[in-house]
Amino acid sequence: MFKKILIPTDGSPLSAQAANAGVSFARSVNAEIVALHVTQPFAATIGFDGMAAAYAITDDAYEKASAEQAAKYLDAVTSRADTAGVKSTALSVSNFNVADGIVQAAAETGCDLIFIGSHGRSGLSRLLLGSVTAKVLSLAHVAVLVYRVKEEKEKKAAAPAR
């Protein structure tokens, strides 16, 4: 079946939920994982219009902060994998397009599955917000397992009243 599974994370609670499910899945099929965080280059966060001075942050400071943030997000996934007895590696890459970064990382690390979460948005909210998961599905040359994450409001609505 699957031997090496890429699990992208953006550090959000919903991403963490999907990553936990991915680690559990990897354990069930005796696979290893590659935890991935894709950062965007400094220019992508501020645009190309010369507005960097308005943000009072340098390229170096941004890179350092991004690396620290990525390490924190990846540590959460690899710690979960260690607890579950799943072999893991952490990888942080930079790409203007997050979906491209995910697909390229899967290819470069030899992953045979991308395990990624989705909010399950549809209609106008999906159109306005976009979907990294949908873009990964359209770009990937390996299997993609989409895990439907549950948002807090869904959990609260499903909880019985006391």
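These are my notebook entries on a predicted protein model.

I'm working with a predicted model, where local features need pLDDT of at least 70, side-chain atom pairs count only at pLDDT 80 or more, and totals for chains, interfaces and linings use all residues. Residues are numbered from 1 along each chain as its sequence is written, and side-chain values use heavy atoms, with hydrogens and water left out.

**Overall layout.** I counted 8 helices and 5 strands; helices (H or I, at least four residues) and strands (E, at least two) are DSSP runs, numbered from the N terminus. Reading from the N terminus, I get β-α-β-α-α-α-β-α-β-α-α-β-α. Of the 162 residues, 34% are buried. For burial I use relative accessible area with a 1.4 Å probe and protein chains only: buried is under 20%, exposed over 50%, partly exposed in between. The protein exposes about 9500 Å², with carbon and sulfur atoms supplying 55% of that; the areas come from the Shrake-Rupley method with a 1.4 Å probe, and for residues only the protein chains shown count as cover. I also checked contacts (heavy atoms within 4.5 Å). Among those between residues at least 6 apart in sequence, 77% join residues at least 24 apart.

**The sheet.** In what order do the strands of the open sheet run? I read E3-E2-E1-E4-E5, with parallel pairing; two strands pair if DSSP finds at least two bridges between them. Strand E3 (88-94) and strand E5 (143-148) are at the edges with a single partner strand each, so one side of each has no neighbour in the sheet. Neighbouring strands are turned by 25° against each other on average, direction ignored. Axes here are lines fitted to C-alpha atoms, for helices over the stretch in contact, and angles run from 0 to 180 degrees between N-to-C directions. E2 and E3 pair over 7 bridges in the parallel sense, and Thr39 stands opposite Ser94 in E3. Helix H4 packs on the sheet, touching E2 and E3, and its direction makes about 160° with that of E2.

**Cores.** I looked for nonpolar cores: sets of buried Ala, Val, Leu, Ile, Met, Phe, Trp, Tyr and Cys residues joined through side-chain atoms within 4.5 Å. The largest has 17 residues, and Ile5, Ile7, Val23, Ala26, Ile33, Val77 and Val86 touch the most other members. E1, H1 (13-28), E2 (32-39), H4 (59-84) and E4 (113-118) each supply at least two of its residues. A second, separate core of 14 residues includes Val34, Ile102, Val103 and Ala106.

**Leu6.** Leu6 sits in strand E1 (residues 4-8). Buried or exposed? Leu6 is buried, at 0% relative accessible area. Beyond four places in sequence, Leu6 touches residues including Val34, Ile102, Ala106 and Phe115.

**Rings.** I found 3 aromatic pairs; rings of Phe, Tyr and Trp (its six-membered ring) pair if their centres lie within 6.5 Å, with planes under 30 degrees apart stacked, over 60 edge-to-face and the rest tilted. Phe2 and Phe25 make a tilted pair, 6.3 Å centre to centre with 50° between the planes. Phe25 and Phe115 are also tilted, at 5.9 Å and 35°; this pair links helix H1 to strand E4, 90 residues apart. Phe115 is buried, at 4% relative accessibility. Ring pairs link Phe2, Phe25, Phe115 and Tyr147 into a cluster.

**Asn30.** Asn30 is in the loop between H1 and E2, and its phi is near 60°, a positive value in a residue other than glycine. At 70% relative accessibility I log Asn30 as exposed.
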